[in-house]
Structure formats: C-alpha cells, structure tokens
Amino acid sequence: MKTGIIGLGAMGAGMARNLARQGLLAAVWNRTAATAEQLATRLDVTVAADPASLALRCDVVVTCVSRDADVLEVIRALIPGLRPGTVVVDCSTIAVETAQSAAGLVADAGGTFLDAPVSGGREGAEAGQLVFMVGGDHEVIDRLQPVFDAMGKQVTAMGPVGSGQATKAVNQIMAAGINQAVTEALAFGQAAGLDMAKVIEVVGGGAAGNWFLQKRGASMVDGVFEPGFKLALHHKDLSICKQMLAELGVALPIVEMTLKHYERLIEAGYGEEDISALFRAKRELFTRGNIKSL
Ligand code: NAP
C-alpha cells in the first residue's frame, strides 16, 4: 500500500519514519520544503513537488497539519492528483464539520476520507505507539490496518466521518484538566522546597501518576518547555470543544479556565512552547502570592 504523508511537523515526522521502516512510505511533502528534503534524504524517499503529485503516486495519503483551514487547503491542493479509490487519512485535530467538508471534497473526486486524529504526543509518533480514533467507512479502516499498525499501537473505529474528531475533543478536554492538575501540583511542590525529582518519581508511581507527569514533569520544573505539543494548538482544540459545548448549551469550567490561561500565555509570547508552559503561570502564583491573578 503506497503511502504518502503531508505535514512533517512534531507528529508527521515520526509517523513518516515509521511508515518508512515498514516499507510503506512512497513520498513526502511539507510546506517548508527544506524540512521535507532533510527527512527524505534520511529515509531515502521521494519529495513530491506538490500535494497533487504526491497523491498521484500513492494509494493512501496521510495528512497531519495544524488547523482546520490548513487541512482544507492541503485537501484542495491534493485533489487534482487523487485517483479513484485513493484514501485520505487526516490525523490533524480539527472540527467535526471541517472533517465532514473534507470528506465531501475527497468523495467528489472519487476518493475516500477518514478522520483519524491521534493521541500519544511526539514521543508516541516517534515510537510508532500512537492511538488512532477513526471516523469513516469500517471496511476502509480494516483495509488500512497495515498503515495504522506502522504508526500506532491501537486503532478504534468510532463511527461515521467526524466521530474520530468528536472523540478527540473528549481527549483534549481531559488533557486540559491533566495539564491544570500537574502544573499546579508541581508548582506547589517546588514552592514548598521539596526535592522535585523525588516528588515526580513517587507521585508518578502512585494513583496520581499519568503520561503528562512522566513525560513533562522533570522538564517543566527545570523551566524547559520545548514542544511536544504547542500550547497554541491545544488552544485551537479547546476552542473547537468550546464551540461543540455551546451547541449543547454548556460551558465547562476546565475548558473556559484553560482557554483563558492559554490566551494570557500566548499574549506573553509563549504560544509556540509546549502546553507544560502553563507551569509558568502556576509558578508565578507562588512568587507573587496572588491566586486571584489566574
Ligand atoms: P507542528 O509541529 O506545528 O507541525 C505542523 C505541520 O503542519 C508542519 O509540517 C507545517 O508545515 C504544516 N502546515 C501547517 N499549515 C499548513 C498549510 N496551510 N499548508 C501545508 N502545511 C501546513 O504541529 P504538530 O504538533 O505536528 O501537530 C499537527 C496536528 O496534530 C495538529 O492538528 C495538532 O493539533 C495535532 N496533534 C498534535 C499532537 C502533539 O503532541 N504535537 C498530538 C496529537 C495531535 P511547515 O513545516 O511549513 O510549518
């Protein structure tokens, strides 16, 4: 199954490497050409001239770009190269309606679209340990099992197109709560003068242990916030969740609070840092001793 990938950022680069390891990667394309050329040289694969040329040489096209408008832009750009039966698998996190629009564009060109957002972070992408929550035709998902297996450890068919993104919204609300809890608790531990390496080890081994604490705890207490998962992208996801919640007539406290905190951090210039940069704001609470400011 010849597979191409569009978008070689924190997630896409690792996904491309794992597709190449399984002999499935036929071509790559990235908006910033130098990124594609460097990776393609290492993986010994072709850099397509544009998304349509990539689609022309592939049975499966995986897209992993930033936002809703970016997904629609690359889908429109690849459509001239789409052959009947080509499957487009979008792993970006976007709104349900955007996934449905993308599916319509691909179907009109004779292809099939799956919305397949992922969880597992940059580390999961690099290790081929992603979890896929997929919306779209069951049989197509089954047929693409080797592609999903190359990049991940779990693939779950959630229902029609859009249901993958709806599931991802659940994941992103939970991730916001975990970020709030971990950054706040570790800022407290640091202010209390504890040995934070020991705190992270012992707390991580107990019932409060979690992926985020394990992967980002040590770096955040050291003041290092390299992405990872960019804070501005999680803000984008929570804005999607807020819209979905508004349609249900609900505003959830964790979503509202985290959006507000992220907006302050983005204004202060930290949007391109990892979401663990929320620790900056929590740490500040203890230096200023003013809990009302958050
Ligand atoms: P990233 O590191 O910022 O990379 C974004 C990629 O999208 C880059 O390759 C970028 O190209 C490309 N891109 C953006 N806009 C584009 C456009 N208009 N046309 C063509 N290419 C475009 O982001 P990421 O962390 O890999 O995230 C990608 C997606 O996965 C996002 O939707 C994110 O929410 C989701 N996600 C991320 C994580 C995570 O932990 N990082 C986990 C799960 C899901 P350039 O190189 O030219 O900028």
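1. Both domain 1 (3-159) and domain 2 (166-288) contribute to the shell around the ligand, each of them with at least three residues. It should be kept in mind throughout that this is a predicted model.

2. The ligand is surrounded by 27 residues, and the closest of these are Asn30, Thr32, Ser66, Lys230 and Lys236. Sorted by class, the shell comprises ten nonpolar, nine polar and eight charged residues.

3. For threonine 32, a polar side-chain atom is placed 2.5 Å from a ligand oxygen, while a side-chain N or O atom of asparagine 30 lies 2.7 Å from an oxygen atom of the ligand, and for lysine 230 the distance from a side-chain N or O atom to a ligand oxygen is 2.7 Å. Of the 900 Å² of accessible area that the ligand has on its own, the protein covers 90%.

4. As to the fold, the protein contains 14 helices and nine strands, and buried residues account for 48% of its 294 residues.

5. The C-alpha trace of the protein spans about 60 × 45 × 35 Å along its principal axes. The radius of gyration of the protein, 20 Å, agrees with a compact globule, because a globule of that kind with 294 residues would have a value near 19 Å.

Definitions and conventions. Residues numbered from 1 in each chain as written. Predicted model: local features only at pLDDT ≥ 70, side-chain atom pairs only at ≥ 80, totals over all residues. Heavy atoms only, no water. Near = heavy atom within 4 Å. Polar contact = N/O pair within 3.5 Å; in protein donor to acceptor, adjacent residues only side chain to side chain. Areas by Shrake-Rupley, 256 points an atom, 1.4 Å probe, with all protein chains shown as cover. Nonpolar A, V, L, I, M, F, W, Y, C, P; charged D, E, K, R; others polar. Domains from an automatic or database assignment. Helix = DSSP H or I, 4+ residues; strand = E, 2+ residues; numbered from the N terminus. Rg over C-alpha atoms; globule rule 2.2 N^0.38 Å. Buried < 20%, exposed > 50% of the residue type's maximum accessible area, 1.4 Å probe, protein only.
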